[in-house]
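Biologist: I would like to go through this protein with you, one question at a time. Please give the rule behind each term when it comes up.

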Amino acid sequence: IIYIMTLNKRIEEIKIYYFGRKRGSHKKFIEKLDVASNTASNWMTDGYNVGKTVTDRLLEAFPDVSAGWLLTGEGNMLKGDNTPVESVPQTDDTSSNTEAWYRSKIDQLIENNTQLADANAKLAQVIASTNNTRRLIKN
């Protein structure tokens, strides 16, 4: 199964990227686009039909956003960003698939964090050893 983020969720991702999830982010988003709150909320609701006028408005307001990503979900959100990207699963069964996807990403992050902690500990040993060698050389 290939999971593709819907256009509605990509619009929400733009809002989150530029304004975060904090209180007031929606207000900043609608002010930037000069639209009513319910209009922008509709755009971010799965299944709501978003037309070319809306996508053009978004691309004009956020010129760093890739038109290809916004329209198709392929590639990266930002122009010039060549980092590989995975889409969050968006299916009818979002509760189980999305949760499983997030859990796998969290597990990957925990593993990466463990590896970084191990590398950091080894680096600290090398630094300590180097400092000891320097002290011996000075004496």
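Modeller: I will start with a rule: a salt bridge is a side-chain nitrogen of Lys or Arg within 4 Å of a carboxyl oxygen of Asp or Glu. This is a predicted model, in which local features need pLDDT of at least 70 and side-chain atom pairs count only at pLDDT 80 or more, while totals for chains, interfaces and linings use all residues. Residues are numbered from 1 along each chain as its sequence is written, and side-chain values use heavy atoms, with hydrogens and water left out.

Biologist: How many salt bridges does that rule give?

Modeller: Side chains of opposite charge can pair when their charged atoms come close. One of the pairs is Lys9 with Glu12, and another is Glu31 with Lys27. Asp56 and Lys52 also meet in a salt bridge. By this rule the count is three.

Biologist: How many helices and strands are there in the protein?

Modeller: Helices (H or I, at least four residues) and strands (E, at least two) are DSSP runs, numbered from the N terminus. Along the sequence the pattern reads α-α-α-α-α-α. The count is six helices and zero strands.

Biologist: How far apart are the closest N and O atoms of Lys9 and Glu12?

Modeller: Both residues lie in helix α1 (residues 7–19), three residues apart, which is about one turn of the helix. For accessibility, buried means under 20% relative accessible area, exposed over 50%, and partly exposed in between (1.4 Å probe, protein chains only). Lys9 at 22% is therefore partly exposed, and so is Glu12 at 23%. Their closest N and O atoms are apart by 3.4 Å.

Biologist: What is the N to O distance between Asp56 and Lys52?

Modeller: Asp56 and Lys52 are four residues apart in helix α4 (residues 52–61), so about one helical turn separates them. Asp56 has a relative accessible area of 37% and is partly exposed, whereas Lys52 is exposed at 59%. Their side chains meet with an N to O distance of 2.8 Å.

Biologist: How are α2 and α4 arranged, roughly parallel or roughly perpendicular?

Modeller: Two packed helices are described by the angle between their axes and the distance between the axes. Axes are lines fitted to C-alpha atoms, for helices over the stretch in contact, and angles run from 0 to 180 degrees between N-to-C directions. Angles under 35 degrees count as roughly parallel, over 145 as roughly antiparallel, 65 to 115 as roughly perpendicular and the rest as oblique. α2 and α4 pack at about 100 degrees with axes 10 Å apart, which makes them roughly perpendicular.

Biologist: Which residues of α4 make that contact?

Modeller: Contact means heavy atoms within 4.5 Å. On the α2 side the residues are Phe29, Lys32 and Leu33, and they meet, in α4, Arg57, Leu58 and Ala61.

Biologist: At what angle do α1 and α2 cross?

Modeller: In α1, Ile11, Ile14, Lys15 and Phe19 meet Ser25, His26, Lys28, Phe29 and Lys32 of α2. The two helices are roughly perpendicular to each other. Their axes come within 10 Å and cross at roughly 105 degrees.

Biologist: What is the phi of Asp34?

Modeller: Asp34 sits in the loop between α2 and α3 (37–43). At 65% relative accessibility, Asp34 counts as exposed. Its phi is positive in a residue other than glycine, near 55 degrees.

Biologist: How far apart in space are Met5 and Leu70, C-alpha to C-alpha?

Modeller: Met5 lies in the segment before α1. With a relative accessible area of 11%, Met5 is buried. Met5 and Leu70 are 65 residues apart in sequence, and their C-alpha to C-alpha distance is 9.9 Å.

Biologist: What share of the 139 residues of the protein counts as buried?

Modeller: Met5, at 11%, is one of the buried residues. Of the 139 residues, the share that counts as buried is 27%.
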